[in-house]
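Student: I would like to learn how to read a protein model with care. Could you take me through one, feature by feature?

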Amino acid sequence: QVQLVESGGGLVQPGGSLRLSCAASGSIFSIYAMGWYRQAPGKQRELVAAITSGGITNYADSVKGRFTISRDNAKNTVYLQMNSLKPEDTAVYYCNAAPTIATMSLPFASWGQGTQVTVSS
C-alpha cells in the first residue's frame, strides 16, 4: 500500500514559482507511475502532470511549458516545479500512483491531505 504526503504549497504572486514534493512510503515506489493532480474550489480534481517509472513525462495543456514533474526513486519522492504561476493555478494539489501513465485517471493510493497553492497579488 502506497502512502503519500504532499508539501511545499503556499501563497505566491502571479509569475512566481513553487516546488511541491510528495513523499511516498509503504510500497515499492520506483515501479509505479506518479502523478500530480489539483482540485480548485467547485471543480473536479484533474491530472496536471505524470511521470513513468522510467522518467517519461506528460502534462495537461494548461500547464505545459510552465510545470515540470520529476522523481527521485532513491528518496521515494516526486516533485512538481511550478513556474510562471497564474491565478487559475490556485488549487489543492495532490499526488497519487498508478500502474502506468495510461491509468493515471484511476490512481490506486488513498488520497493524502494535499497542499494548498494560492496564486494572488
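Student: How many helices and how many strands are there in the protein?

Tutor: This is a predicted model, in which local features need pLDDT of at least 70 and side-chain atom pairs count only at pLDDT 80 or more, while totals for chains, interfaces and linings use all residues. Residues are numbered from 1 along each chain as its sequence is written, and side-chain values use heavy atoms, with hydrogens and water left out. Helices (H or I, at least four residues) and strands (E, at least two) are DSSP runs, numbered from the N terminus. By that reading the protein has 0 helices and 10 strands. Its radius of gyration, taken over C-alpha atoms, is 13 Å, close to the 14 Å that the globule rule (2.2 Å times the number of residues to the power 0.38) gives for 121 residues, so the protein is as compact as a globular protein of that length.

Student: What share of the residues of the protein counts as buried?

Tutor: Buried means under 20% relative accessible area, exposed over 50%, and partly exposed in between, with a 1.4 Å probe and protein chains only. Of the 121 residues here, 43% count as buried.

Student: How is a pair of aromatic rings described?

Tutor: A pair of aromatic rings is described by the distance of the centres and the angle of the planes. Rings of Phe, Tyr and Trp (its six-membered ring) pair if their centres lie within 6.5 Å, and planes under 30 degrees apart count as stacked, over 60 as edge-to-face and the rest as tilted. The structure holds 3 such pairs. One of them joins Tyr37 and Trp111, edge-to-face, at 5.0 Å centre to centre and with 90 degrees between the planes.

Student: Why does the pair of Tyr37 and Trp111 tie together parts that are 74 residues apart in sequence?

Tutor: Tyr37 lies in strand E4 (residues 33-39) and Trp111 in the loop between E9 and strand E10 (115-119), so the pair links parts that are 74 residues apart in sequence. Tyr37 is buried at 4% relative accessible area, whereas Trp111 is partly exposed at 35%. Tyr94 and Trp111 have ring centres 5.8 Å apart and planes at 80 degrees, so this pair is edge-to-face. Tyr37, Tyr94 and Trp111 form one aromatic cluster.

Student: Is Asp89 buried or exposed, and which residues is it in contact with?

Tutor: Asp89, in the loop between strand E8 (77-82) and strand E9 (91-98), is buried, with a relative accessible area of 0%. Contact means heavy atoms within 4.5 Å. Leaving aside neighbours within four places in sequence, Asp89 is in contact with Arg38, Arg66, Phe67, Ser84, Val117 and Val119.
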